[in-house]
Amino acid sequence: MLSTRLSTCRRHAVQRDADYGPEIVVSSLSSDSHTWNLIFLQLLLEELGHRVTNLGSCVPDDLLIAECERRRPCLIVLSSVNGHGYQEGLRIIHALRAVPALAATPVVIGGKLGTSGADPHLASALIDASFDAVFEDDAAGVLSFRSFVRALPVGTNA
Amino acid sequence: MMPQDSFGRFVGRMHRAGRLVVQPRMGVSDPAKMRRGLLATRHANATTVGTITLDSYTRVADNRAAVAALQTGAPLNGYPIVAHDPRTTRAMLDGVRDPGFPVQVRHGSAVPQGIFAALVAAGLDASEGGPISYCLPYSRLPLRESMTNWALCCELFARLRETGAEPHLETFGGCMLGQLCPPSLLVAISVLEGLFFRWFGLRSVSLSYAQQTNADQDAEAIAALRRLAAEFLCDVDWHVVIYAYMGVYPRTPKGASLLLEEAARLAVRNNAERLIVKTTAEAYRIPTFEENVAALETAAAAAAECAGRPWAPPGDTGLYAEARTLIEAVLNLASRLDKSLICAFERGYLDVPYCLHPDNAGRARSYIDDEGRLRWSSVGALPITAVAECGPGNALSSSDLLAALSYVSRRCDAHAIERPSAPMIEQREQ
């Protein structure tokens, strides 16, 4: 993992019972047609005890926002490996945060986010834009992601 | 009107001369650079055909974004054939494409009307895809709409025959999801898309099959594909095109070359006419022209080295029977082929493992067995319970999935590191 936002846990503690369900939404971004990453994440999250809605590949912004607003997930996991993840991630996080119901929902992103390999500057820019965590697509990233999900205060026994 | 030479006829002529046709994936936005890439392909020390791979914006029919990228000079990941004026594309191809060097347009679109109109306007007559294979894995478009789009495009494309040309279409159905699709289903979808092309007017087609995890199983699959093509497509010109492995690619250059050489031997051993190559850069990024030329030459050398060898005939584990059962079950669903295909997915008669498209039933599952063969762990509603040999039926865990996805790359990289000079797999000779 490259970065997390420190405020995540605090926000959970405040809002956990009222706002979050046990469900996690997994999604690609609008230009990315890859799906093996999404299938892996779904299996991993199910093994950790979560119910997963997998929105699949090439998800338009409107569809992602509408599904998240309707489902009120406890976590939104965005995965992208086509090199557009950074650009598209910045666009979508602003749109998600603009929805009152999703303003405080944990949102994470991971994969191959730029066109030229891992870049800590991209991760810190994504964190600044209010992602809760950014994960690299390697074994360490998967371990960090697993720890992050295990630390979620709700969902595992729901 | 004089019949012109065509993609299909060229490949057939090379095959009769004992030469495997090799082909790259290649596309850049700048016409001058695209021309250089095609010339590099043409001048490679191999029997080649050229490729124009289109960019992602054109693939999703977002021509406005492609035009904007051309205007601002933003790099695209392919050639925007709709955004470029047809005269630009004709000039780019002038003196490059001729009867000895056909060129195919590759795209990946479920909305390909603009693409077919543009390639016809530019004087081109070869492309690829299919209503299933370019919808389910790469698009959210309902399958029904993809069927309509592809039917319209086939009819438009087939009209080129009135000018004396012989338009050629290749199915992408033998490559579904790149990996972990059991070969009987790949073969069935490839043949069904070939039948779709014929239904809507094409008379020259090729049938794809992507190298999977076990060379003997692949040999059996290609033999089944050829036999089914001879049975179901006897009144059209057809050939078989093999794709070098489409899944997670080896990270070492030697491992990547070993896998490509194995694909070339697979093609020769099974009498396939054409091979789509992968490069040593595949695990990292879009390859350069030079890397593509090197891959073409590696594949051609591996093919030449094993040409004329007597190969043992492939075994029969029931793959042909399974593929034929699937095809016949689909054809019996309706009197029109497009309706049959839509109905087949609704009922789960066709169900691609791990495919997330809303129109895919998602009940069939696969795994890699101890011999490296792809097998069903669940057939869902596929009508093959009588013929399919099912595995233990345990659901794949996330770590099993990662292991299965990287099975081939790990095998090749390990071999490259441990035994750098030995061939990876001794395919059985007679």
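The model is predicted: local features need pLDDT of at least 70, side-chain atom pairs count only at pLDDT 80 or more, and totals for chains, interfaces and linings use all residues. Residues are numbered from 1 along each chain as its sequence is written, chains are lettered from A and ligands numbered from 1 in the order in which they are written, and side-chain values use heavy atoms, with hydrogens and water left out.

**Stop 1: the interface**

Select chain A and chain B together. Contact, meaning heavy atoms within 4.5 Å, joins 19 residues of chain A to 15 residues of chain B. The buried area is about 1500 Å², with 65% of it from carbon and sulfur atoms; this is the accessible area (1.4 Å probe) that two parts lose on being put together, summed over both. Next, highlight Trp36(A), Ile39(A) and Phe40(A), which supply 41% of the area that chain A buries against chain B, more than any other three residues.

Now select helix α2 (residues 36-47) of chain A and helix α14 (residues 398-405) of chain B, whose axes come within 8 Å and cross at roughly 155°. This angle makes α2(A) roughly antiparallel to α14(B). Helices (H or I, at least four residues) and strands (E, at least two) are DSSP runs, numbered from the N terminus. Axes are lines fitted to C-alpha atoms, for helices over the stretch in contact, and angles run from 0 to 180 degrees between N-to-C directions. Angles under 35 degrees count as roughly parallel, over 145 as roughly antiparallel, 65 to 115 as roughly perpendicular and the rest as oblique.

From α2(A), residues including Leu43(A), Leu44(A) and Glu47(A) take part in the contact, and α14(B) contributes Ser398(B), Leu401(B), Leu402(B) and Leu405(B). By class, this contact has eight nonpolar, one polar and one charged residues. Ala, Val, Leu, Ile, Met, Phe, Trp, Tyr, Cys and Pro count as nonpolar, Asp, Glu, Lys and Arg as charged, and the others, Gly among them, as polar.

**Stop 2: helices α8 and α12 of chain B**

Select residues 183-199 and 319-331 of chain B, which form α8(B) and α12(B); their axes come within 8 Å and cross at roughly 45°. That makes α8(B) oblique to α12(B). Among the residues that meet here are Val187(B) and Leu192(B) in α8(B), and Leu326(B) and Ile327(B) in α12(B). The contact has 13 nonpolar, one polar and one charged residues.

**Stop 3: helices α10 and α11 of chain B**

Move to α10(B) (residues 253-269) and α11(B) (residues 289-306), where the axes come within 8 Å and cross at roughly 45°. The pair is therefore oblique. In α10(B), Leu260(B), Glu261(B), Ala264(B), Arg265(B) and Val268(B) meet residues of α11(B) including Thr298(B) and Cys306(B).

**Stop 4: a salt bridge in chain A**

Finally, select Glu23(A) and Arg51(A), which form a salt bridge with the closest N and O atoms 3.5 Å apart. Glu23(A) lies in strand β2 and Arg51(A) in strand β3, so the pair ties together parts that are 28 residues apart in sequence. A salt bridge is a side-chain nitrogen of Lys or Arg within 4 Å of a carboxyl oxygen of Asp or Glu. The structure holds 27 salt bridges over all chains, while the interface of chain A and chain B has zero.
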